[in-house]
Amino acid sequence: MANITNDEVDVVVVGLGWTGSLMSIELAQAGLKVRALERGEDRNNADFAYPKPADQYAYGVRNKIMVTPKDGALTVRHNMHSTALPTRKWGAFVPGTGVGGSGLHWTGVLIRPTPTDIKLKTYADQAYKPGILQEDMRIGDFPFTWEEMEPYLDKFDKICGLSGNTGNLRGEIQEGGDPFEGPRSNPYPLPALKDTLNCSMFAEAARKLGYHPFPNPSANVSQAWTNPYGNQIAPCNYCGYCSKYPCLNYSKASPQTAVMDALKRMDNFDYRVNANVLKVELHPDGKTARGVTYADADGNIVFQPAKIVVLAGFQFVNVRLMLLSGIGKPYDPITETGVVGRNYAYLSNGGTTLFFKDKHFNPFATAGATGQMFNDVSPGNYDGPSLGFIGGAKIHSSQATGTPIGTALPKGTPDWGQGWKEGMQDWYGHSMKISISTGCMSYRGHYVDLDPTYKDPWGQPLLRITFDWKENELKLQQYLRTIVNNIAQELSPDSYSESFLSMDSHWDITKYVSTHNVGGAVMGESPETSALNRYLQSWDVHNVFVPGGNAFPQNFQANPTALIGAITLFSAQAIKEQYLKNPGPLVQA
Amino acid sequence: MLLNKQTSRRKFLLSSLIALPALGVTIKGLTAAAAAEMIAPSLEGYSPTFFSAAEWAFITAACDRFIPANGRGPGALETNVPVFMDQQLAGDLGSEIYLEGPFDLKAPAELGYQIPYTPQEIYRNGIKAVDAWCKQTHRDTFAALDAATQNDVLKKLQASEVNFAEFGEEVLKAKAFFNEALALAKQGYLADPIYGGNKGMKAWIAIGFPGARASYLEWVAQHNVKYPLGPVSLNGDRG
């Protein structure tokens, strides 16, 4: 072990997933010397050559490309009066690691939030009478307009080769798309993926009941695509191994397929793997960072000097590094002061599984993003104000995979013995699911901070999550359950079984929901209530930028990646056009 | 590691056998999958790496109850599920778990796994406790009981009606042990044969899962048509 100091770079990027690779290529294109530090392994396309990823046990069960809890655990508690315990095994969410990060194994559903989702606080103040929403709710507006962000959403759509149906082209509603989407400047780059049987059945029933279904917007591309960086993405072959798997067909937009090939060819970019950043080092006045310290694979402690620091890890990695480094004032839920850690939010899911003895769904023949959804239950598009809750859901029938471990069986099927064995033969491939993925509001008592007890292998405190379901989210679940089951009944299955939260549910970290954890270092108009300004720049340390889901003031019903990509590109543009000329706060507090 | 050696031996033997069916020729009526099955280790001849003889007797008996031979479709013993479990426990299973203390054994179920055990310790301590209970209650080890009694014992474990603490096991609950073993057995039954179970891809053939084919562009839009092809495995075997 030794102490090493690297050569100085213009920009050090911590984490080489979606936001890290986008920041790296955008800033390297501006001529800056960029170095990315990735805590995990290198991952190249040769690692995913057929048939390696077609292995449910390795990837789906043993989480082969995820960070281990041993290295990446958090602690969790339901309220600030209880003791948090570590996530010793992954359950509700499964964070990635290595080059590509979660962008390597995501499902590829690339859907935008609506303009109302972007200005949720404004909408709530206008639409809801005082006292309807819970007093401790702390939702916020995103600090930009739809018109400002749309070009960056559009750019990210093109980087990913977004495949689907256009719903709103410059204000004109288009047949077959989402009529509730915000106006887009350009149509989807590519047509939709092919529908599977469940998609057609769900869409027909939903349409009959008055909803507006459309194909899941997909970053598993439907046709060959060359993106703005010159990277080529191949047409999806519906291999059935997508969510939790690296793509074996070069078809899923990921940092590897969409960014890294072009990035690696740039002489002013390099990256180090197994480089676990421990801290951002600040100058004595605390107003700027001078670089980062990381532990390398041999246990050396390395200082990487840099003029700009980009924290591009997963949401809770970024927030934890800010807390460990003293960037911004930690949030205190009692006094409601401080900003780093506030507005942690998650999401909920649920659904009904429908069994049809005589239908063959061939669930293995599918893309990760395959499905149909509708957005009718999103803020502003249904009667939330009179129902007494806010937030929305994607209601969808997706068929992400047909891998057999964990196959759902009808109610009453034994979970072992001859009945289970024969149940698997009778029902594998004979079911479909109608699901919800909901938004999640932020609350005064939901936050992240450093755990007082548990440490990681480098001796640093784990991040502690304080979170539980609130009445608003549970009421929304009850409302959605009725809608889902009405559609289920319309389809007349032989039987169905449902899984929704009840009004007395607590957050269960053992059941997978999704790795869409957001907030904790949110973007906003004021340094009193946000850690970052609209350019994802720390209010306190102006050469630190923090792109990621951490910037969301609450979670919307859409998947987060589209907006994460867009705000990252928006921030990169501001660094290039404004910050480099005049380094300092880009927004005056 | 043991499995790797066997796999490479299998692979060598198979490559010569598989070449012929691909040309439309079969050897004495054998398909490639049937040939693969013949070459896979037999359960009787397998020497466990992780499990002791007594533990192995328990595991094979429990697997035979979890996924029995009777009724339609292959059982756990026919598909080498205990081999899978032994290989996993002899390997790095559990090395990913965060096991730093302190531990709160009374934590709410929603906070998940909170015991200071690796999977290996769960099996060692769990099997010991079950056999001790069986000896006290039924005067014999689990493996020596008849199938109906074994099923009753497993139901009691699943319902946590067996108190491990009475047999010196203060940490592990019967239900947690049961769930761990059942989950791993099902995984072995349905995982790729490269891990030692699902011998001959028989479980996949029984349920209609095509395994590692992973290319369905021409099939995806054929709605409600039964997929006609059998599975392939990571090693390239065809079932």
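Is A:W469 buried or exposed? With a relative accessibility of 10%, A:W469 counts as buried, a label for residues under 20% relative accessible area (1.4 Å probe, protein chains only). The model is predicted, and local features need pLDDT of at least 70, while side-chain atom pairs count only at pLDDT 80 or more. Residues are numbered from 1 along each chain as its sequence is written, and side-chain values use heavy atoms.

A:W469 has a ring partner, A:F467, in an edge-to-face pair with 5.3 Å from centre to centre and 80 degrees between the planes. Rings of Phe, Tyr and Trp (its six-membered ring) pair if their centres lie within 6.5 Å; planes under 30 degrees apart are stacked, over 60 edge-to-face, and the rest tilted. A:F467 is also buried, at 1%. Both residues belong to one aromatic cluster, which includes A:W90 and A:W507.

A:F364 is buried at 4% relative accessible area, and B:Y216 is buried at 0%.

In chain A, A:Y57, A:R88 and A:W416 lose the most area to chain B. Across this interface there are 5 salt bridges, each a side-chain nitrogen of Lys or Arg within 4 Å of a carboxyl oxygen of Asp or Glu. B:R72 and A:D426 form a salt bridge, at 3.0 Å from N to O.

Technical notes. Chains lettered and ligands numbered in written order. Buried area = accessible area lost by both parts, 1.4 Å probe. Buried < 20%, exposed > 50% of the residue type's maximum accessible area, 1.4 Å probe, protein only.
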